[in-house]
Amino acid sequence: MNKILIITTIVIPVLFFGGCAAESENITNLPEIEGFKMNKVYRLNQNLLASYTDPAGNRVLFKFNDSTATWKRTMFKTKKTSGNDG
């Protein structure tokens, strides 16, 4: 019984930190976009998403592709401004 407890105590942290190390490596490869600053990185199910914003409030969303180990732009959301046309 003690052997199982010792093995479990060793295996669980190794798996946890190993998984975090792979994700942090992908985060360090985030693209830099001129005029935008990185806002947050999200995990949605198996997807890793990065959100960027600019000073005007526009937002760009990137998704990490595991097979190619690259980031791809998936969405651009612009902030509406009320213009006075007259």
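A strand is a DSSP run of E of at least two residues, numbered from the N terminus, and two strands pair if DSSP finds at least two bridges between them. The views below come from a predicted model.

**View 1. The hairpin of β3 and β4.** Strands β3 and β4 form a hairpin, with four residues between them. Their pairing is antiparallel and runs over seven bridges. In the turn sits A69.

**View 2. A69 in its loop.** A69 belongs to the loop between β3 and β4. The phi of A69 is positive, near 55°, and the residue is not a glycine.

**View 3. The open sheet.** Four strands make up this sheet, in the order β1-β2-β3-β4. The sheet is open, and its pairing is antiparallel. Which strands lie at the edges? They are β1, residues 37-44, and β4, residues 70-77. Each of these pairs on one side only. From one strand to the next, the twist averages 25°. Strands of a sheet pair through backbone hydrogen bonds.

**View 4. The pairing of β2 with β3.** Strand β2 spans residues 47-53, and strand β3 spans residues 59-65. The two pair in the antiparallel sense over five bridges. S51 stands opposite L61 of β3.

**View 5. N45 between β1 and β2.** N45 lies in the loop that links β1 and β2. Its phi is positive, about 55°, although N45 is not a glycine. Is N45 buried or exposed? The relative accessible area of N45 is 66%. That value is over the 50% cut-off, so N45 is exposed.

View 6. Two aromatic pairs turn up in a search of the whole structure. One of them is formed by Y52 and F62. Y52 lies in strand β2 and F62 in strand β3, so the pair ties together parts that are 10 residues apart in sequence.

View 7. Buried means under 20% relative accessible area. Y52 has a relative accessibility of 2%, so Y52 counts as buried. F62 has 9%, so F62 counts as buried too.

Terms used: Residues numbered from 1 in each chain as written. Predicted model: local features only at pLDDT ≥ 70, side-chain atom pairs only at ≥ 80, totals over all residues. Heavy atoms only, no water. Axes fitted to C-alpha atoms, helices over the stretch in contact; angles between N-to-C directions. Buried < 20%, exposed > 50% of the residue type's maximum accessible area, 1.4 Å probe, protein only. Phe/Tyr/Trp six-rings, centres within 6.5 Å; stacked < 30°, edge-to-face > 60°.
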